[in-house]
Amino acid sequence: MITIALSKGRIFEETLPLLKAAGIEVLEDPDTSRKLILTTNQPDVRVLVVRATDVPTYVQYGGADMGITGKDTLLEHGSQGLYQPLDLHIAQCRISVAVRSDFDYKTAVKKGSRLTVATKYVAIAREFFASKGVHVDLIKLYGSMELAPLVGMADAIVDLVSTGNTLKANHLVEVEHIMDITSRLVVNQAALKLKQAQIRPIIDAFESAVGASQ
Ligand code: ATP
Ligand code: PRP
Ligand code: MG
């Protein structure tokens with residue numbers, strides 16, 4: 001049995017064509033089914049529906065043989081014990097620093113002011129601001145980061161940006177582009193050794209499908 005961990009939403013949707021290229025079709029819809037283990041057209045392949053931030057954990061502990069997760073999640077979580085054979089180029093976005101449009105970020109940084117930064121990505125934010133020599137107090141949030149500067153809780157946020165619509169709708173502006181983000185295939189290292197014969201063809205099919213779509 002091969003077990004693949006996926007999160008609902010964009011990763012699930014963008015992974016379906018890749019699975020299809022590997023001859024795998026998921027037989028249930030995670031948006032309508034309450035089931036957390038989904039069957040596929042292949043009796044020896046199943047899909048686990050997990051929280052996006054839990055995908056690396058499931059794969060590390062062998063709850064799943066492989067999974068698909070954002071580079072943001074991998075950097076934040078750490079990637080010990082995970083083999084990362086492929087950038088799938090799906091769920092493309094960037095991780096950025098944003099502030100209220102009336103906040104003078106440049107001057108604050110130049111003056112050496114201490115910034116309060118709200119984010120779900122504390123590790124990425126800590127590393128980024130340390131590399132710039134900017135002192136920060138980090139506030140860990142689990143979602144809706146965009147709110148924090150609006151209610152005076154933070155000077156800045158570190159969050160994902162794609163179209164920029166969420167920032168715009170909340171009167172925030174992007175002031176730093178930290179890095180580009182895409183989703184990666186992650187494989188449990190022990191599973192890769194023990195189940196080479198089943199896992200390799202899936203990696204190869206994903207690789208050709210990604211190559212063909214570039
Ligand atoms: P949870 O509800 O569990 O907090 P989440 O918000 O982390 O879930 P998703 O929004 O599906 O889950 O994000 C999964 C991954 O998709 C992220 O880790 C990131 O790599 C990528 N992603 C997130 N938002 C966007 C976006 N707006 N555009 C493109 N890719 C995105
Ligand atoms: C993500 C991210 C931003 C938004 C950016 O949220 O956390 O808020 O997308 O995308 P945009 O630049 O295209 O507006 P998501 O849609 O995943 O909602 P969530 O709060 O449920 O995670
Ligand atoms: Mg999200």
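Guide: A polar contact is a pair of N or O atoms within 3.5 Å; within protein, one must be able to donate a hydrogen and the other to accept it, and residues adjacent in sequence count only if both atoms are side-chain atoms. This is a predicted model, in which local features need pLDDT of at least 70 and side-chain atom pairs count only at pLDDT 80 or more, while totals for chains, interfaces and linings use all residues. Residues are numbered from 1 along each chain as written, chains are lettered from A and ligands numbered from 1 in written order, and side-chain values use heavy atoms, without hydrogens or water.

Visitor: What makes the pair between Arg 10 and ligand 2 a polar contact?

Guide: A polar side-chain atom of Arg 10 lies 2.8 Å from an oxygen atom of ligand 2, and because the limit is 3.5 Å, the pair qualifies. Thr 166 also brings a polar side-chain atom to 2.5 Å from an oxygen atom of ligand 2, and for Asp 159 the distance from a side-chain N or O atom to a ligand 2 oxygen is 3.5 Å. Taken on its own, ligand 2 has 500 Å² of accessible area (Shrake-Rupley method, 1.4 Å probe), of which the protein covers 59%.

Visitor: Why do Glu 146 and Gly 164 count as residues around ligand 2?

Guide: Both belong to the residues around ligand 2, and a residue is near a molecule if one of its heavy atoms lies within 4 Å of it, so each has such an atom. Strand 9 gives the largest share of this shell, three residues.

Visitor: Why is the shell around ligand 2 described as partly charged?

Guide: The shell divides into two nonpolar, five polar and three charged residues; Asp, Glu, Lys and Arg count as charged, Ala, Val, Leu, Ile, Met, Phe, Trp, Tyr, Cys and Pro as nonpolar, and the others, Gly among them, as polar.

Visitor: Which residues come nearest to ligand 1?

Guide: Of the 15 residues around ligand 1, the nearest are Arg 10, Arg 51, Asp 72, Gln 92 and Lys 120. The shell comprises six nonpolar, four polar and five charged residues.

Visitor: How do you know what confidence the predictor places in this model?

Guide: The protein chain averages a pLDDT (the predictor's confidence in each residue, from 0 to 100) of 97, and 100% of the residues score at least 70. For the complex, the predictor gives an ipTM of 0.97 and a pTM of 0.96.

Definitions and conventions. Helices (H or I, at least four residues) and strands (E, at least two) are DSSP runs, numbered from the N terminus.
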